[in-house]
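Morning, everyone. I'll take the whole chain to begin with, then a single residue.

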Amino acid sequence: MSPMHAAPAVNVVIQARLSSTRLPGKVLRPLGGRSVLGWVVRAALAAPGVCRVVVATSDEPEDEAVAAEARRHGASAVRGPLEDVLARFQLAGELYPAAAVVRLTADCPLHDPALLGQVVALWRAQQDLDYVSTTLVRTLPRGFDAELVRTAVLAEQAAEPAGPHREHVTSGVKGRPDRYACSGVVIAPAADDLRVTLDTEEDWGVLEGVVAELGDRPPRWQEVVGLLRSRPDLVALNAHVEQKKVGR
């Protein structure tokens with residue numbers, strides 16, 4: 001494809017830090033043959049339509065280890081304010097420009113590259129969309145969360161100096177359907193009762209069980225759902241865990 005007709009760039013930005021309140025250090029825990037962060041980077045690099053993968057971590061001294069791990073797995077790294085995650089996304093956009101970014105968090109190691117590619121493809125097919133995600137209407141298990149936002153929209157959000165969007169990045173976009181055009185990926189039958197994110201030791205037990213069954217490779221989301229439907233013992237490990245609420 002000639003540069004004149006090149007598709008607009010889409011980068012993945014993964015937010016990561018060691019100072020998690022519920023499970024400190026979780027993103028560098030070894031899972032299978034790599035760290036949890038390494039799993040997320042690998043999936044993002046394998047996603048169709050993604051131009052670059054950037055890990056946005058904090059400028060706290062302890063997060064130098066996060067930046068080093070990101071680079072070790074083939075991602076770029078940027079560092080900014082610990083609490084102002086949106087500022088880190090802005091920095092990633094300044095250093096590595098793109099028309100849109102896919103926001104991932106570093107505590108979701110089972111990302112499916114094909115699903116990430118589906119989010120990107122949906123936006124490429126309709127580039128006037130401001131926001132595309134797997135969570136606009138949640139039908140996938142928690143842990144397959146991916147949100148694409150146009151960088152121009154992120155710039156608008158960054159102009160607002162205070163609010164929950166400074167930490168949660170997209171809250172001022174998906175909550176404003178009157179202002180922003182939003183779309184999403186929905187599956188059937190729904191599997192949003194399942195949980196494969198990492199926030200507690202119980203979550204860790206589920207992830208270890210999935211990797212023990214499926215191996216050290218990026219799984220398809222259908223494989224993860226199928227496995228968990230056949231293993232109620234695994235599902236029971238973290239069925240009681242409540243997701244941390246926005247603002248808590």
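Helices here are DSSP runs of H or I with at least four residues, strands are E runs of at least two, and both are numbered from the N terminus. On that count, the protein has ten helices and nine strands. Keep in mind that this is a predicted model.

Now the overall dimensions. The C-alpha trace spans about 50 × 45 × 35 Å along its principal axes.

Next, packing. Of the 248 residues, 50% count as buried. Take the contacts with a separation of 6 or more: 70% of them come from residues 24 or more positions apart.

The accessible surface comes to about 10700 Å². Carbon and sulfur atoms hold 54% of that. As for charge, there are 28 positive and 31 negative side chains. The centres of those two sets lie 2 Å apart.

Where does Glu 147 lie? It sits in strand β8, which covers residues 147-150. Is Glu 147 buried or exposed? Its relative accessibility is 5%, and buried means under 20%, so Glu 147 counts as buried.

What does the Glu 147 side chain pair with? It makes a polar contact with the side chain of Tyr 131, at 2.5 Å. Leaving out residues up to four places away in sequence, Glu 147 also touches others, including Val 101, Val 102 and Arg 103. Thr 170 and Lys 174 are among its contacts too.

Conventions
Residues numbered from 1 in each chain as written. Predicted model: local features only at pLDDT ≥ 70, side-chain atom pairs only at ≥ 80, totals over all residues. Heavy atoms only, no water. Buried < 20%, exposed > 50% of the residue type's maximum accessible area, 1.4 Å probe, protein only. Contact = heavy atoms within 4.5 Å. Areas by Shrake-Rupley, 256 points an atom, 1.4 Å probe, with all protein chains shown as cover. Lys, Arg positive; Asp, Glu negative; His and termini not counted. Charge placed at Lys NZ, Arg CZ, Asp CG, Glu CD. Polar contact = N/O pair within 3.5 Å; in protein donor to acceptor, adjacent residues only side chain to side chain.
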